[in-house]
Amino acid sequence: MKPFLLSTLFSAAVISLGVAFSPVTLAKDTLNIYTYDAFASDWGPGPKIKANFEKECACEVNFVALDSSVGILSRAQLEGKSSQADVLLGLDLNLMEAAKQTGLLANHAVDTSAVTIAGGWSDKTFVPFDQGHFAFIYNSETLQSPPTSLKEVVDNQNLRVIYQDPRTSTPGLGLLLWVKSVYGDNAADAWGRLASHTVTVTKSWSDGYGLFLKGEADVVLSYTTSPAYHIVAEGDNKYKAAAASEGLYPQIEVAAMMKGAPHPALAKQFMQFILQPGFQSTVATGNWMLPVVKLDEKLPAAFDSALKPVKSLVLPAKDVAQHRKAWIDEWLNATTR
Amino acid sequence: MVKCHDSIIDVKLFFFRTVKGLLPALLGVGFFLLMGAASLAALLRYSELHSWLGYMQQPYLWRVVRFSLWQALLSSGISLLIAIPVASCLIHRQFYGRSALLQLFSVSMVVPTIVAILGLVVVYGRTGWLNQLFGVQIPLYGLVGILLAHVFFNMPLAVRLLLQGYDLIPSGQWRQASQLGFSRWAAFRWIEWHYMKKVLPGAFVLIFMLCFSSFAVVLSLGGGPKYSTLEVAIYQALRFDFDLNKASFLALLQVSICTLFAVIVYRIAPINRQDVSLLAVKSYLLKDSFWAKSADYLALLCAFVLVIPPFLAIFDPIFSPVFFKTLQSVALWNAVLVSLQIAIPAALVSLLLGVCFGVLARFCMARQYFAFLPNKIEHLGNMILMVPGLVIATGLFLTLRDFGWGLQSSYWIVVWVNAVMALPFVLRALMPVMYQQERRFRNVYLSLGIQSWSRWCLEWPLIRPSVAQALGYALLLSLGDMGVIALFGSQGLVSLPLYLFQLIGSYRLEEGACVAVVLISLCLILFYCSSRFIGGVTARVKN
């Protein structure tokens, strides 16, 4: 009936598509690294790492920025064996087991003896690249008597708490495991008590942290290194991490290379590079996490004052992978009662 | 014998010519169906039906479904209840800032959720304006917060959808109303309501679906996992568990529930018969009264209180020094460019698809045997809203992978999925006027043999405001998209919303807020340009 208009519209669409889209031509020796968005952003450690590594390898580093660390894994899973990825950078401790089970990852040959993580590092697939601990952050100007233990956060009914959903965010999952490792079989009761003074449980870290900065809660679940950002970047000393006498749950970010990596030699070289100063010196002020090896140059003073855990609580990765669903259900039942 | 033979040839010839004429439209709709079916099939390939029974028996799932239904019904109901008097008021009253208000109404739904949530918190939160100015503290976290956010997003959309209904009112009816000395209430009762009834079911279903699948708002303002939606479970299944089986079950469940809802609404609603009317509406003065005035003030006040303060909170960062620093960053303008590169083609594709749907639907409308089809065709286009974008994108990704197309095509996928996601809005804007044109001029066109291009040329002046609105919505939705591009992200494909999330994902909330201002301003500009240059002068009523 109206083929003309349709074809005109269609060709207009096609032309504008053609104009708008100029394909990215990839040079032959390009190392594809899948990572999360903040890592690859201009202010993240990505650009510096790219520059440092390119000096050594005579190659080009291409960061593919995905929306979250979970996003990295699901993208690799979606692409399966046909993936163009050489290295996955930015998975964390609790995703390791699931990532291994995909069968997409290769073993590394990196000597991890220099790693300073409590308890050492012996994993054959993953190389850690930065570390920190989950902690509740508070505003020291408005909260006069901050909690000193996880039990206090759970039990103090006057404390307004924001944390993240363990179904959709990694810090949320971290808290789930933290509570589990402190309370064990009594975790459900603890969740119930926490629920009565929880302001809200957000989808992602940024939602929760944003609400906290707007003054909606006394404490928010974040990282021990969060105050360092406010000190270094904003010159603001009021945000502090609350201590926990039971110990803190660690957040360790890891990298692995793909079995089907298009550039296996480059990928191997990069895996070695991760523990070198060229990489490690960028994570503190780039990613606001602590390096995993001892560096010659000192970190900014803000990191020295960062909360150090009395004990690093960590559940075995196998247990986490096996019971994660059950624990999430336990949390769900306890908080929706 | 011979005569009979002739008529068969006639029928064949007629059939052939009709099909040939409809071919582009059929192709468009067919392509849409093919892509939809392909992504569905890709997901279903990974599903094990026998495990679905197990999912069905989870009590939490049904609690979530019940709550989703409840909050979506409340949200869409309240949005429409407020929107009806507001729309009526905006039609009858001219006041300073009216067109600016309408512009603002057009962009509310693309405000990134996190920005809207923080905006609401600034207004209604613990240290918010409401508390500081009046000492009033509302329990924001829970159903109240969810409803406030959903009304903020959707009431303006509802107003704009209802105003489309007003466009269908023939100016003769207004003239008569004016001559007979109708009061506002009488005019509403005898004229406006009659036309509103035509757009209400569609608007209701659209907003219901938007609220039913709302995600970050429900989680962040819900105050805990007690309030959740199916979309949360789908996200969890797809991203955290990579459980394609469960994800496709949940997606199908969501589609079934929404379809059921839509079927019920359309069953109850009166049959949509478009009337013959003139589009160039001239406004006639109606008898004003104290009651009419107070009702209008009340409606406007309601709209102002619910929509304006959060917007003011969102635009607040322009006074901070960070704003100018943010404006100077190259990354921001790169992101603007990428956003435009995605939004403009996506909007054009969406409009093209919308026209295909419209042409097919109105072809069927006038033909006895197909007369039942138009609603179905329209609903087909709407269905896409029920399927989470993440699911469509994942399905497409898997399909393309099986064809051996990898990352290189990610740009096209982003454009395509965005175009498809905007289709329901394009259809809402386009369909009423296309039906109306068909009813009004079909016989004239048929008897004079005016077809295809010539027909479009004749129709263009009358349908261009609607085309502009459709294009505007498609542009805005693609600009605001976050989910699709996040899944297919790659270097160099950082759109404005993605850039915003990068910023707030690494503590830079203030800069993020500034980027949000840029995003909303860009939306406003594009929407204005679309209605100004494509809509032409006849867009007066809408803007």
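This is a predicted model: local features need pLDDT of at least 70, side-chain atom pairs count only at pLDDT 80 or more; totals for chains, interfaces and linings use all residues.
Local features require pLDDT of at least 70 and side-chain atom pairs count only at pLDDT 80 or more, whereas totals for chains, interfaces and linings use all residues. Residues are numbered from 1 along each chain as its sequence is written, and chains are lettered from A in the order in which they are written.

Chain A is divided into domain 1 (27-131 + 252-304) and domain 2 (132-250 + 308-335), with bounds from an automatic or database domain assignment. The C-alpha centres of the two domains lie 26 Å apart. Contacts (C-beta atoms, placed from the backbone, within 7 Å) join 17 residues of domain 1 of chain A to 15 residues of domain 2 of chain A. On the domain 1 side, the largest share, 3 residues, comes from α5(A); helices are DSSP runs (H or I, at least four residues) numbered from the N terminus.

Between the chains, 60 residues of chain A are in contact with 70 residues of chain B. The largest share of the chain A side, 12 residues, is contributed by α1(A).

Leu313(A) occupies the loop between α13 (301-304) and α14 (317-335) of chain A. With 19 other C-beta atoms within 10 Å, Leu313(A) is partly exposed, because a residue is buried at 20 or more such atoms, exposed at 12 or fewer, and partly exposed in between. Beyond residues up to four places away in sequence, Leu313(A) touches several residues, including Trp178(A), Val182(A) and Tyr249(A).

Terms used:
Helices (H or I, at least four residues) and strands (E, at least two) are DSSP runs, numbered from the N terminus. Two residues are in contact if their C-beta atoms, placed from the backbone, lie within 7 Å.
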